[in-house]
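Please look at the sequence and the model before reading on.

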Amino acid sequence: MSNISLETSLIQALESAAASLGGNVPVILEPPRIQTHGDFATNVAMQLAKVLHRPPMEIAQSLVKALEPQLKNGLASAIEKIEIKPPGFINFFLSQSLLHRTLQEVLTARENFGRNSMAQKIRENTKVQVEFVSANPTGPLSVAHGRQAAVGDSLANILNFCGYGVTREYYVNDEGNQIEVLGNTLLARYLEILGLPFEFPENGYKGGYMKALAQEAVQTEGRRWAEGLPGRKEWFMEKAGGAILEIIRKELEDFGVSFDVWYSQRCLRESGTQDDAMEFLKQRGYLYLQEGAWWLKSTAFGDDKDRVVVRSDGRPTYIAADIAYHREKFRRGFTKIVNLWGPDHHGYIPRMVAAVQALGYPRDALKIVMVQLCTLKRGNEIIPMSTREGEFITLRQVMEEVGKDAARYFFVMRRTDSHLDFDLELAKKAAPENPVFYIQYAHARIAGIRAKLNVQAMRPNFSLLSQPEELQMLRRLREFPSAVEACAEQFEPHGVARYLLELATDFHKFYDVHRVVTEDVELTRARLGLIDAVQIVLAAGLKLLGVSAPVKM
RNA sequence: GCGCCCGUAGCUCAGUUGGAUAGAGCAACGGUUUUCUAAACCGUUGGCCGGCCGUUCGAAUCGGCCCGGGCGCACCA
């Protein structure tokens with residue numbers, strides 16, 4: 001019996017018990033804060049008190065009585081005892097035998113423990129697209145992009161684990177002002193190296209990487225572009241954009257993030273889909289002409305004001321491309337679209353949500369996840385995000401300093417929509433206050449014990465596991481599927497990071513008071529099975545976050 | 001001015017479809033090792049959940065009004 005069906009059947013049992021008393025209220029079952037209050041608790045009795053006009057404690061008694069016959073079938077072996085506590089809570093305690101069965105489930109399913117087969121069937125036809133990073137190819141990735149990359153990739157992993165068909169996409173902004181300035185910057189640097197007169201563009205990119213690229217151009221092209229040959233400007237735009245995109249791609253790859261699709265804005269426009277989309281919106285009546293410009297009637301869907309889509313001079317605004325792009329996403333078969341945006345775009349959300357609805361898709365088909373910025377620190381010292389010269393701390397620098405694993409974990413360990421303090425010193429530390437280290441160390445410790453032995457945990461007797469520390473780990477293992485599921489539902493990976501920290505804590509505490517390998521062969525086998533399961537789940541969780549699970553540290 | 005996000009221990013944060021005594025980690029102080037990794041564990045101290053009012057059996061959680069911090073309000077991308 002999987003834990004999800006246990007909870008479901010318990011809820012059903014409670015609902016029918018409630019109905020037999022004459023009240024129809026939704027039953028909520030949740031883990032109480034305090035362990036002495038059991039593994040699940042429900043407040044139905046209090047809810048029913050309103051309807052039935054009877055004291056909640058009395059109702060709770062009746063409910064438990066009505067539950068008894070149902071507990072006989074199947075649930076009986078899962079529930080150890082039921083307690084009623086004032087002002088009317090009903091607390092359920094899981095039996096040890098259920099926990100022991102959970103352990104067996106983990107060992108059978110191994111890295112697939114927590115993948116819900118029922119949900120899998122329903123969801124495999126739900127194509128989800130997660131679009132993230134999508135940084136303009138004008139320079140190396142910043143720390144902010146790094147967080148988006150870590151969050152997006154982990155989220156995609158989690159959704160995939162929960163049964164969705166997931167596509168990772170990067171929207172390449174390969175045209176427009178910025179690319180033009182970028183090309184001109186490269187040209188200027190190129191001419192500079194050749195010792196020719198040059199004009200550094202206003203708002204040009206001052207980073208050292210442009211000089212490196214120019215050097216490269218000098219090597220491959222020689223003085224070919226010294227004169228203003230036709231196509232020079234285009235060549236430099238192409239060269240700069242392409243080279244930087246490649247830098248970004250490589251950087252993400254080293255960060256453990258790879259995209260299924262790199263979608264080019266230029267291709268989108270050239271294919272004519274942008275014009276199609278505009279035409280489509282006109283037909284639907286959500287585009288109107290005023291003062292020479294075309295406006296999207298976004299106020300029809302809750303936006304503050306309508307938005308210009310095509311300027312009076314005929315040039316489309318940025319949102320025109322975005323509308324077309326999102327329409328293409330839906331036409332490509334995605335039924336759920338997830339976009340990760342930085343906080344600088346948050347004012348843009350209402351109009352995009354409006355645009356999706358104007359296109360005829362449901363409001364909740366588009367989910368925009370705000371990824372807040374982070375502050376880099378060394379201990380208490382804040383590191384400035386950029387210097388006057390336009391240099392900023394890059395993702396690559398952070399990765400090189402603290403390593404991929406620590407960076408990936410730190411970026412997702414807080415709620416995505418809240419500001420993150422990233423302490424580089426802490427991330428490097430091999431000490432328990434560093435959460436990545438602490439979790440990986442638990443994994444390595446287990447691997448260490450297992451490596452020393454050849455004992456196969458053949459048909460162990462798990463009922464020997466009854467110490468509080470053992471039961472605690474078993475309870476935690478059982479929570480894994482619902483912890484991941486909650487993250488998928490909320491589009492929020494930090495729950496996995498927290499879960500792993502808790503599981504690691506449970507293990508370290510166990511390790512400190514009990515020995516796995518003892519003279520008692522039966523107990524040794526049972527405990528080996530237990531730590532095997534913990535290792536499996538730690539590895540599975542770390543994998544979701546893109547963090548490695550070392551066997552030795 | 002309008003809109004969005006945030007305010008929980010000294011610090012960094014969980015907890016917010018309303019539930020029981022508000023939880024971790026760090027920092028501070030004090031302990032634990034002839035035993036599978038002490039790179040670990042245990043204990044103590046620490047709170048008017050920004051404030052006030054309301055909704056109700058019950059509010060960190062929901063609503064209103066303040067205070068404080070961040071951000072967004074283009075025929076830019």
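Which residues of helix 2 are buried?

## Helix 2

The model is a predicted one. In helix 2, the buried residues are Val44, Ala45, Leu48 and Ala49. Viewed down the axis of helix 2, its buried residues fall within an arc of 145°, so they line one face of the helix.

Helix 2 spans 44-52 and supplies at least two residues of the surface near RNA strand B.

## Chain A as a whole

Chain A contains 20 helices and 15 strands. Its C-alpha atoms fill a box of roughly 90 × 60 × 40 Å, taken along the principal axes.

Chain A has 553 residues, and 39% of them count as buried. Of the contacts in chain A between residues at least 6 apart in sequence, 73% join residues at least 24 apart.

One open sheet has four strands in the order 1-2-4-3, with antiparallel pairing. The edges are held by strand 1 (29-30) and strand 3 (79-85); each has a single partner strand, so one side of each is left without a neighbour in the sheet. In general, strands of a sheet pair through backbone hydrogen bonds.

Strand 2 (residues 40-42) and strand 4 run antiparallel and are joined by three bridges. In this pair, Ala41 stands opposite Asn91 of strand 4. Helix 3 (residues 56-72) packs on the sheet, where it touches strand 3 and strand 4. The direction of helix 3 makes about 165° with that of strand 3.

## The surface near RNA strand B

RNA strand B is surrounded by 62 residues, and the closest are Ala41, Gly347, Arg415, Pro432 and Gly448. By type, the residues of this surface divide into 24 nonpolar, 21 polar and 17 charged.

Several elements each supply at least two residues of the surface, among them strand 4 (89-94), helix 7 (177-193) and strand 15 (420-423). Helix 17 (435-451) and helix 19 (494-513) also each supply at least two.

## Ala533 in helix 20

Where is Ala533 found? Ala533 lies in helix 20, which covers residues 521-544.

Leaving aside neighbours within four places in sequence, Ala533 is in contact with Leu103, Val106, Leu107 and Leu477. Between Ala533 and Val257 there are 276 residues of separation in sequence and 27 Å in space, C-alpha to C-alpha.

Notes:
Residues numbered from 1 in each chain as written. Chains lettered and ligands numbered in written order. Predicted model: local features only at pLDDT ≥ 70, side-chain atom pairs only at ≥ 80, totals over all residues. Buried ≥ 20, exposed ≤ 12 C-beta atoms within 10 Å, placed from the backbone. Contact = placed C-beta atoms within 7 Å. Near = placed C-beta within 6 Å. Nonpolar A, V, L, I, M, F, W, Y, C, P; charged D, E, K, R; others polar. Pairing = 2+ DSSP bridges. Axes fitted to C-alpha atoms, helices over the stretch in contact; angles between N-to-C directions. Arc of directions from axis to C-beta.
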